[in-house]
Amino acid sequence: MELWLSLLITLIKILVVLGVFLGVGAYLTWFERKLAGHIQARMGPKLVGPFGLLQPLADGIKLLTKESVIPQNADKPVYYLAVVMAVAPAILLFSVIPFGPEFTLFGYQIKPMIADVNIALLLVFAFGSLAVYGTIFSGWASNSKYAFLGSLRKASVIISYEVVLGFSVLGVILLAGTMSTTGIVQAQIERGVWFIVYQPVAFILYLFCMLAESGRVPFDIQEAEAELVTGYNVEYGGMRFGVFPLAEWYLNVMALSAIAVVLFFGGWSGPYIFGPLSPYLWFLIKMFALVFFVLWLHWTLPRFQAKDITEIGWKIMLPISIVNVVLTAVLAYIL
């Protein structure tokens, strides 16, 4: 009975996470277009529903009803697999994110996360590494030079910044003494200090890596419209085309922002001003503040050149991240 109940609770958690974040991801398209409109002194979506709120629904219907033409010489199994490999790692990242402390419901203790494992950060790196396959597969299987160039650009960025991301997080692991996301939050709550105070350099490096991993400006060279005609997913049509930006620009940004909250901003910790919902609301407030920051940057900064991005990653950010880890280890040992 306990096993079946545990499976049922886990299934409900999965459905809630999928429903909420896929829905929020769709509506982030509306929010970003509104934000871009205000930055550029225009209105953004305003015709479909009040304030344009039904625009994501209209976009979804449009993508579902559009004809999807597959290139004649495409590798079809890999062509379809690329779509799955693009969206699956982004969704899997949410499985190890604790959205708040445990609570009791009908006499049962429930953790507001899908999987509480003591190697959660290793899983984060594993899921992040899998994302490169969706990009490579889409470019290779499309049998298009533009798509292939875009996928190689993206792969080079992910590989270089995944290394920096790992070193930037090592300092937090040393301070918390665990790779469990729940344990890292608890360590900050017990100390009474968020880890961004101890690791400001690591947070800045993480922020750059988050932008690079999600293909956001100034790291969006894989899609550079003037050069690659939207890059690696140029040969995809209909909803298959829509899945790539949904996974890369929105789901990935939300997941990496949530992980940043866990690592650097104390997770669900905050003043108890919203009653019993305070921990969960504080987590979401912090997460969407970072999401807003990423969207704001997208419409503010120019794009890097392709050759500069990997050079910055390997020659500047990687040495800085290594020095930060060494200093953190020395100080943690001394103090």
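Arg-216 is buried, with a relative accessibility of 0% (buried means under 20% relative accessible area, exposed over 50%, partly exposed in between, with a 1.4 Å probe and protein chains only). The model is predicted, so that local features need pLDDT of at least 70 and side-chain atom pairs count only at pLDDT 80 or more, while totals for chains, interfaces and linings use all residues. Residues are numbered from 1 along each chain as its sequence is written, and side-chain values use heavy atoms, without hydrogens and water.

Arg-216 forms a salt bridge with Glu-32, with 2.5 Å between the closest N and O atoms (a salt bridge is a side-chain nitrogen of Lys or Arg within 4 Å of a carboxyl oxygen of Asp or Glu). The two residues are 184 residues apart, Arg-216 in the loop between H8 and helix H9 (225–228) and Glu-32 in helix H1 (helices are DSSP runs of H or I of at least four residues, numbered from the N terminus). Glu-32 is also buried, at 3%.

A salt bridge also joins Glu-248 and Lys-154, with the closest N and O atoms 3.1 Å apart. This pair connects helix H10 to helix H5 (residues 145–176) across 94 residues. Glu-248 is buried at 7%, and Lys-154 is buried at 2%.

In helix H2 (residues 55–65), the buried residues are Gln-55, Pro-56, Asp-59, Gly-60 and Leu-63. They line one face of the helix, because their directions fall within an arc of 140 degrees seen down its axis (the arc is that of the directions from the helix axis to the C-beta atoms). Leu-57, Leu-64 and Thr-65 are exposed on the other side.
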